[in-house]
Amino acid sequence: MSIRVSRSSLIMPINVTRFVERAWTRGVEHITLDLEDSVAPDQKSAARSLVQEAIKIASKGGATISVRV
C-alpha cells in the first residue's frame with residue numbers, strides 16, 4: 001500500500017480572485033478552494049459559480065485541488 005503525504009498545502013476563499021490567480025505560483029502540493037467558512041453567507045451563491053474556472057487557474061502549477069463545500 002502506498003501512502004502519499006503532502007508536505008505543503010494552501011487553503012483560500014474561492015471568491016477572492018487575486019488569491020486564486022496567484023495560488024499556483026506558491027509552489028504547494030495541494031490547494032483547497034474554500035466555499036465554506038471563508039465565504040460570507042450572502043456571497044456563497046456567487047462563489048459557487050466560480051468553482052470550475054478557479055480549479056483551472058489554481059491547478060496550473062500541478063498542485064492537486066480540492067473544493068471545501
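This is a predicted model: local features need pLDDT of at least 70, side-chain atom pairs count only at pLDDT 80 or more; totals for chains, interfaces and linings use all residues.

User: Okay, is Leu10 buried, exposed or partly exposed?

Analyst: Leu10 counts as partly exposed, at 25% relative accessibility.

User: And which residues does Leu10 touch?

Analyst: Leaving out residues up to four places away in sequence, Leu10 touches Ala23, Arg26, Val28, His30, Ile31 and Thr32.

User: How far apart are Leu10 and Arg26, in sequence and in space?

Analyst: In sequence, Leu10 and Arg26 are 16 residues apart. In space they are 8.6 Å apart, going C-alpha to C-alpha.

User: Let's zoom out. What secondary structure does the protein chain have?

Analyst: Three helices and three strands. Starting at the N terminus, the elements go β-α-β-α-α-β.

User: What about the overall dimensions of the C-alpha trace?

Analyst: The trace spans about 40 × 25 × 15 Å along its principal axes.

User: How much of the protein chain is buried?

Analyst: Buried residues make up 30% of the 69 residues. The accessible surface is about 4,900 Å², and 51% of that belongs to carbon and sulfur atoms.

User: And what share of the contacts join residues at least 24 apart?

Analyst: That's 51%, counted among contacts between residues at least 6 apart in sequence.

User: Switching to helices. Which residues of H3 are buried?

Analyst: Helix H3 covers residues 51-58, and its buried residues are Val51, Ala54, Ile57 and Ala58. Looking down the axis of H3, the buried residues fall within an arc of 130 degrees, so they line one face of the helix.

User: What's on the face of H3 turned away from the buried side?

Analyst: That face carries Gln52 and Lys56, and those residues are exposed.

User: And what covers the buried residues of H3?

Analyst: The cover includes helices H1 (17-23) and H2 (44-48), along with strands E2 (30-34) and E3 (64-68).

User: Now charges. How many salt bridges does the structure hold?

Analyst: Four. One of the pairs is Glu29 with Arg7, whose side chains meet at 3.0 Å, N to O. This pair links distant parts of the chain, 22 residues apart: Glu29 sits in the loop between H1 and E2, and Arg7 in the segment before strand E1 (9-13).

User: For that pair, is Glu29 buried or exposed? And Arg7, buried or exposed?

Analyst: Glu29 is buried, with a relative accessible area of 18%, whereas Arg7 is exposed at 75%. The cut-off for buried is under 20%, and exposed means over 50%.

User: Which residue does Arg68 meet at 3.4 Å?

Analyst: Asp34; the side chains of Arg68 and Asp34 meet in a salt bridge at that N to O distance.

User: How accessible is Asp34? And Arg68?

Analyst: Asp34 is buried, with a relative accessible area of 3%. Arg68 is partly exposed at 32%.

User: What does Asp37 form with Arg68?

Analyst: A salt bridge, with the closest N and O atoms 3.1 Å apart. The two residues come from distant parts of the chain, 31 residues apart, with Asp37 in the loop between E2 and H2 and Arg68 in strand E3. Asp37 counts as exposed, at 59% relative accessibility.

User: Which residues are linked in the network of salt bridges?

Analyst: Asp34, Glu36, Asp37 and Arg68.

User: Last topic: the surface. Which residues make the nonpolar surface patch?

Analyst: Met1, Ile3 and Val5 make a nonpolar surface patch of about 460 Å².

User: Where is Ile3? And is Ile3 buried or exposed?

Analyst: Ile3 has its place in the segment before E1. Ile3 is exposed, with a relative accessible area of 65%.

User: Great, that's what I was after. Thanks!

Note on methods: Residues are numbered from 1 along each chain as its sequence is written. Side-chain values use heavy atoms; hydrogens and water are left out. Buried means under 20% relative accessible area, exposed over 50%, partly exposed in between (1.4 Å probe, protein chains only). Helices (H or I, at least four residues) and strands (E, at least two) are DSSP runs, numbered from the N terminus. The arc is that of the directions from the helix axis to the C-beta atoms. Contact means heavy atoms within 4.5 Å. Patches are made of residues with over 30% relative accessible area and no salt bridge: like charges are joined within 9 Å, nonpolar side chains (Val, Leu, Ile, Met, Phe, Trp, Tyr) within 5 Å. Accessible areas come from the Shrake-Rupley method with a 1.4 Å probe; for residues, only the protein chains shown count as cover.
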